[in-house]
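Load the model in your viewer and keep the sequence panel open. The stops below each give a selection and then what is found there.

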Amino acid sequence: MEWCDKEDVMMQGSGTLKPMEVQATKPADDPAARRLVQDAHGRMYRWPAGFGGYRARLSLNDEGRVHTGRVSLVPRKDTTVELDGADAALQEWVRERLWTQGMHLAFSTFEEGDGKYVLSFDSQDDPAIPHPRGRRVLLTGGRLDSWYRIKDGQYTQIGRITPMTERRVNTIERCDYAPDGKQYSSHYVMTYFSLDGQAVIGMESYVNEYKDVNGLWLPWRRRVSFGERGLVKTRVIELSEHEVMA
């Protein structure tokens with residue numbers, strides 16, 4: 001996964017937060033934790049290194065209101081969305097969700113990503129009492145506070161703290177397999193916390209479907225459900241007529 005300045009509180013488990021012990025020194029890299037993350041990284045589906053991106057027809061069903069248009073995505077560089085009849089905020093909402101999806105699918109080596117950080121097991125985890133979502137690995141040395149839980153070679157949770165902005169936990173509920181046998185997250189739930197970590201302020205459920213286009217696993221449908229003003233709303237992004245860019 002891609003996808004951290006230390007604060008006094010880190011997210012634990014399934015979104016429960018508790019104070020961390022103050023560490024006088026930077027944690028040492030743990031070879032077993034490094035192997036665990038490297039193995040999980042290697043199991044995930046990613047586009048090939050030379051993949052130039054895609055263009056596609058775009059449809060958004062926003063609670064029964066349908067908008068159509070086009071999307072153009074170049075991994076790690078640019079995502080452009082045009083939707084007829086949608087205001088700027090709604091178009092940006094769609095663009096951000098397709099851009100984020102593209103970031104997760106973009107080619108990256110372990111050494112370029114998580115391998116750059118100090119990887120260590122959480123000292124507050126008790127290996128004798130297995131957590132239902134697996135061992136918790138801390139990533140130290142980046143701009144964000146990050147951690148993973150990994151079980152059976154799969155990422156099961158991903159935690160991020162953006163200093164002075166937000167805390168979030170991605171809980172992966174289901175992994176499926178691309179045609180090449182690699183894994184991808186087909187259903188996950190993103191939980192957002194207040195900056196002090198004491199309240200849940202938002203939650204989004206994502207269900208992702210893909211299709212094989214000339215040997216590439218490209219986004220087909222992305223269903224997002226979220227709470228807003230006392231309601232649970234659903235938006236469905238659908239892509240068709242994919243064109244692979246050189």
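**Stop 1**

Select Val94: setting aside neighbours within four places in sequence, Val94 is in contact with Leu58, Leu60, Val81, Leu83 and Ile237 (contact means heavy atoms within 4.5 Å). This is a predicted model, in which local features need pLDDT of at least 70 and side-chain atom pairs count only at pLDDT 80 or more, while totals for chains, interfaces and linings use all residues. Residues are numbered from 1 along each chain as its sequence is written, and side-chain values use heavy atoms, with hydrogens and water left out.

Together with Val94, they touch the most other members of the largest nonpolar core, which has 47 residues. Such a core is a set of buried Ala, Val, Leu, Ile, Met, Phe, Trp, Tyr and Cys residues joined through side-chain atoms within 4.5 Å. Buried means under 20% relative accessible area, exposed over 50%, and partly exposed in between (1.4 Å probe, protein chains only).

**Stop 2: aromatic rings**

Rings of Phe, Tyr and Trp (its six-membered ring) pair if their centres lie within 6.5 Å; planes under 30 degrees apart count as stacked, over 60 as edge-to-face and the rest as tilted. By this rule there are eight aromatic pairs.

One of them is Tyr184 with Tyr210, edge-to-face, at 5.0 Å centre to centre and 75° between the planes. Tyr184 is in strand 11 (residues 183–193) and Tyr210 in strand 12 (residues 200–213), 26 residues apart. Helices (H or I, at least four residues) and strands (E, at least two) are DSSP runs, numbered from the N terminus. Both Tyr184 and Tyr210 are buried.

Trp217 is buried, as is Tyr184.

**Stop 3: arginines**

Select Arg135 and Phe121: the charged end of Arg135 sits over the ring of Phe121, 3.7 Å from its centre. A charge sits over a ring if NZ of Lys or CZ of Arg is within 6 Å of the ring centre and within 35 degrees of the ring normal. The charged end of Arg221 likewise sits over the ring of Trp220, 4.1 Å from its centre.

Finish at Arg46, in the loop between helix 1 (31–43) and strand 3 (54–62). Is Arg46 buried or exposed? Arg46 is buried, with a relative accessible area of 12%. Its side chain reaches the backbone oxygen of His41 at 3.1 Å.

Technical notes: A polar contact is a pair of N or O atoms within 3.5 Å; within protein, one must be able to donate a hydrogen and the other to accept it, and residues adjacent in sequence count only if both atoms are side-chain atoms.
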